[in-house]
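Hi everyone, thanks for making time.

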Amino acid sequence: MTAMKPSVLVTRAIFPDVIDRLAQYFEVDSNQDDVVLDAAALKGRLAGKAGVLANAADKIDAGVVAGLPALRAVCNMAVGYNNLDIPALTAAGIVATNTPDVLTETTADFGWALLMATARRVTESEHYLRAGKWERWSYDMLVGMDVYGSSLGILGMGRIGQALARRAAGFGMQVLYHNRSRLPADTERALNARYVSKAELLQQSDHLVLVLPYSPESHHAIGAAELALMKPTATLINLARGGIVDDGALAAALRDRRIFAAGLDVFEGEPRVHPDLLTVPNVVLTPHIASASEKTRRAMANLAADNLIAALDAGPQSGKPSSVINPEVMAHRR
Ligand code: GLV
């Protein structure tokens with residue numbers, strides 16, 4: 001008699017070959033129709049499941065996992081995991097994993113794309129051209145801010161922040177950063193990055209990129225007071241999570257030209273976007289696609305699947321998922 005395979009849920013559509021790989025180890029309840037599951041639907045689909053491959057939009061908290069004793073692993077296909085209530089998962093003995101490293105360079109590339117597009121008004125220029133407004137050359141048409149030779153501020157100097165700093169070297173930029181903890185001196189030297197207070201970062205950056213994790217502490221880390229400290233010529237890029245910026249306050253600052261422009265890949269309450277952001281011209285808006293290259297999305301899906309297989313004690317890395325957020329749960333199991 002063959003042992004019954006454990007059941008897992010994949011909450012959203014992903015690469016079919018990743019589903020096939022999971023199916024070697026598990027009964028897979030997949031959602032290839034890509035229906036968005038609300039909390040009640042998610043909880044219903046998790047009944048009897050040993051694990052779940054989740055997405056950054058799936059909110060998995062104490063309420064969702066209550067009364068699901070079979071659930072042992074929640075594997076996020078994202079590096080950020082503010083959608084998971086880690087203390088609640090830990091208390092329930094559920095291992096949580098994320099997908100760091102595999103998306104670092106792709107996300108930093110996109111941060112650079114947003115920075116360039118914002119400073120040099122790329123999308124605004126395209127809208128202008130498509131609208132048939134381009135009639136002649138003029139010396140002050142769509143002039144922007146220089147990137148080369150300017151100062152780059154990085155708030156949150158983790159893997160992605162450091163990848164941005166490495167790119168800045170090619171643009172002759174001065175790199176300033178602020179982080180909960182200061183980097184070791186040799187890392188600062190290698191990145192040519194100078195640690196400053198948050199106020200100094202706001203005051204001195206020509207371009208400020210946000211790459212810090214979202215948490216209650218970072219909620220509205222950039223609001224009206226912080227925007228007021230920035231240069232009127234500065235740009236702000238949010239590559240991290242909605243909620244770190246007070247989007248209403250940002251829209252007002254952009255409208256009143258208190259800062260030059262912003263580039264946003266993430267939004268408070270996304271996929272909804274603050275209506276005022278849609279009415280100001282000096283903002284570049286993209287729908288949370290910083291990690292969206294074919295290669296990186298595949299790497300993220302495969303890493304999340306590997307984590308799920310290992311966390312549920314199957315496959316070559318059995319018992320050893322590579323990116324565990326709450327290792328105390330794994331330690332407890334042994
Ligand atoms: C995407 O936002 C991620 O956290 O990976």
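Let me start with a question: which residues does leucine 308 touch, not counting residues up to four places away in sequence? Keep in mind that this is a predicted model. Leucine 308 touches Val8, Leu22 and Phe26, then Gly51, Val52 and Leu53, and also Ala73 and Cys75.

Leu308 belongs to the largest nonpolar core, which has 54 residues. Leu308 is among those with the most contacts inside that core, together with Leu53, Ile154, Met157, Leu164 and Leu239. Domain 1 and domain 2 both give residues to this core, so it lies between them. Apart from it lies another core, of 29 residues, and among them you will find Leu155, Leu236, Ala249 and Val280.

Now for the domains themselves. The domain assignment gives domain 1 as 7–101 + 294–333, and domain 2 as 104–285. If you take their centres over C-alpha atoms, 32 Å separate the two. As for where they meet, 8 residues of domain 1 are in contact with 5 residues of domain 2.

Next, let's turn to the ligand. Which residues are around it? They are Ala78, Val79, Gly80, Leu103, Arg241 and His288. By type, this shell divides into 3 nonpolar, 2 polar and 1 charged.

Arginine 241 uses a polar side-chain atom, which lies 2.7 Å from an oxygen atom of the ligand. Taken alone, the ligand exposes 190 Å², and the protein buries 87% of that.

Key. Residues are numbered from 1 along each chain as its sequence is written. This is a predicted model: local features need pLDDT of at least 70, side-chain atom pairs count only at pLDDT 80 or more; totals for chains, interfaces and linings use all residues. Side-chain values use heavy atoms; hydrogens and water are left out. A nonpolar core is a set of buried Ala, Val, Leu, Ile, Met, Phe, Trp, Tyr and Cys residues joined through side-chain atoms within 4.5 Å. Buried means under 20% relative accessible area, exposed over 50%, partly exposed in between (1.4 Å probe, protein chains only). Domain bounds come from an automatic or database domain assignment. Contact means heavy atoms within 4.5 Å. A residue is near a molecule or strand if one of its heavy atoms lies within 4 Å of it. A polar contact is a pair of N or O atoms within 3.5 Å; within protein, one must be able to donate a hydrogen and the other to accept it, and residues adjacent in sequence count only if both atoms are side-chain atoms. Accessible areas come from the Shrake-Rupley method with a 1.4 Å probe; for residues, only the protein chains shown count as cover. Ala, Val, Leu, Ile, Met, Phe, Trp, Tyr, Cys and Pro count as nonpolar, Asp, Glu, Lys and Arg as charged, and the others, Gly among them, as polar.
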